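Here's a quick briefing to read with the model open beside you.

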Amino acid sequence: MGEYTKPLPHPNEVSQPFWDAAKRHELQIQRCHACGTSIFYPREACPECLAADLIWIPVAGRGRLYSYTIAQAPTHPAFADDVPYVIAIVELEEGPHITTNLVGCQPDQVTIGMPVVASFEDVSAEMTLVKFRPE
Amino acid sequence: MSIKGKAAISGFAEMAPQKGAGNITPLGIIANMAREAGGHSSITHARSLTTSLVKPAAEAAFQMAAVSPQDMDFVQPYDCYTITVIVTLEDAGFCEKGEGGRFVADHDLSYAGDFPCNTHGGQLSFGQPGLAGGMSHVIEGARQLMGRGGGRQVKDASIGYVNGNGGIMAEQCSLVLGV
């Protein structure tokens with residue numbers, strides 16, 4: 001594995017379980033134990049009912065492409081060789097939206113609503129990123 | 001999460017007659033206000049990118065005031081971007097969803113037009129001065145109702161719609177102002 005030169009996430013105590021699961025190639029999101037809402041991004045309290053009783057649940061990582069944009073110019077020098085690439089919002093089956101990259105798909109083949117599934121990219125010994133590809 | 005309220009705005013010092021503090025006249029403007037807040041920060045996590053929280057906020061404000069969008073003499077929607085105005089007009093019920101672009105193209109949005117919109121020029125005109133930006137729309141609505149619009153006075157303005165946006169479309173506050 002070559003040295004990864006792109007910006008890396010900075011897990012904190014709230015988001016650490018998400019990154020730990022990604023490392024196992026597993027997608028986990030939170031669920032509110034009080035009202036049942038499925039939650040992403042990782043939070044300290046439920047955005048619907050404000051309960052702090054949130055649990056982590058594994059999910060299948062399936063969803064559909066909710067929206068996307070195609071980056072024709074890199075927003076950071078480290079992404080220069082990747083253009084054009086797809087920045088996507090995926091709506092998980094469980095409901096929440098997740099910001100990600102769509103990979104394994106030519107930009108001109110992307111369509112809103114297409115079924116997608118989580119794809120895990122080990123970018124360093126410590127970090128695995130969650131991307132999505134066409135299912 | 002929603003908050004609703006009614007208030008009588010009794011005076012804006014900045015607008016008061018310049019004859020001395022004793023001469024400030026209550027404006028008698030009634031404000032029906034409804035606010036809706038989502039649980040998101042980035043718009044990525046909003047439930048919908050196309051239908052905003054303006055919809056429940058405006059519906060509640062119009063219901064409280066017992067009027068409809070078509071009764072408005074003017075609108076002062078928060079305008080951090082042009083699309084914000086169009087989404088606001090659609091979700092507040094001034095036109096159908098998806099028709100906002102056509103709607104603003106087909107109407108005269110000037111103070112003398114058939115759909116006076118942001119008669120003070122709005123933030124798209126004078127910039128986005130932080131929290132003061134949203135208040136500028138309220139102040140302009142009050143000025144129009146007081147007949148103090150000067151060279152941009154909307155003729156016979158007696159009721160108008162004001163909308164404020166917070167976060168990245170994360171919360172919306174709709175006001176129906178009337179005299």
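Predicted model: local features only at pLDDT ≥ 70, side-chain atom pairs only at ≥ 80, totals over all residues.

Residues are numbered from 1 along each chain as its sequence is written, while chains are lettered from A and ligands numbered from 1 in the order in which they are written.

**Chain B at a glance**

- Chain B has 5 helices and 5 strands, where helices (H or I, at least four residues) and strands (E, at least two) are DSSP runs, numbered from the N terminus.
- Along the sequence, the order in chain B is β-β-α-β-α-α-α-α-β-β.
- Of its 179 residues, 39% are buried (20 or more other C-beta atoms within 10 Å of the residue's own; 12 or fewer makes it exposed, in between partly exposed; C-beta atoms are placed from the backbone).
- Take the contacts in chain B between residues at least 6 apart in sequence: 67% of them link residues at least 24 apart (a contact means C-beta atoms, placed from the backbone, within 7 Å).

- Buried residues of α1(B) include B:Val54, B:Lys55, B:Phe62 and B:Ala65.
- Helix α2(B), residues 82–91, has 7 of its 10 residues buried, so it is largely enclosed by the rest of the structure.
- The cover over the buried residues of α2(B) includes α1, β3 (74–77), α3 (100–106) and β4 (159–166) of chain B.
- B:Gly93 follows α2(B) and has a positive phi near 95°.

**Nonpolar cores**

- The largest nonpolar core has 34 residues, and B:Ala57, B:Ala61, B:Leu175, B:Val176 and B:Leu177 touch the most other members (a core is a set of buried Ala, Val, Leu, Ile, Met, Phe, Trp, Tyr and Cys residues joined through C-beta atoms within 7 Å).
- Elements giving two or more residues to this core include β2 (29–37), α5 (131–146) and β5 (171–178) of chain B, but α1(B) gives the most, with 7 residues.
- Setting aside neighbours within four places in sequence, B:Val176 has contacts that include B:Asn32, B:Ala61, B:Phe62 and B:Tyr161.
- There's also a second, separate core of 21 residues, with A:Val86, A:Leu92, A:Val130 and A:Phe132 among them.

**Strands of chain A**

- β4(A) (62–71) and β7(A) (115–122) run antiparallel, joined by 3 bridges (strands pair if DSSP finds at least two bridges between them), and A:Gly63 sits opposite A:Val116.
- β7(A) also runs antiparallel to β8(A) (128–134), with 7 bridges; A:Phe120 is partnered with A:Val130, and a hairpin of 5 residues connects the two strands.
- A:Leu54 lies in β3(A), residues 54–59, and is buried, with 20 other C-beta atoms within 10 Å.
- Beyond neighbours within four places in sequence, A:Leu54 contacts residues including A:Cys32, A:Ile39 and A:Cys46.

**Where the chains meet**

- The contact takes 5 residues from chain B and 7 residues from chain A.
- On the side of chain B there are 1 nonpolar, 4 polar and no charged residues (Ala, Val, Leu, Ile, Met, Phe, Trp, Tyr, Cys and Pro count as nonpolar, Asp, Glu, Lys and Arg as charged, and the others, Gly among them, as polar).

How values were computed. Contact = placed C-beta atoms within 7 Å.
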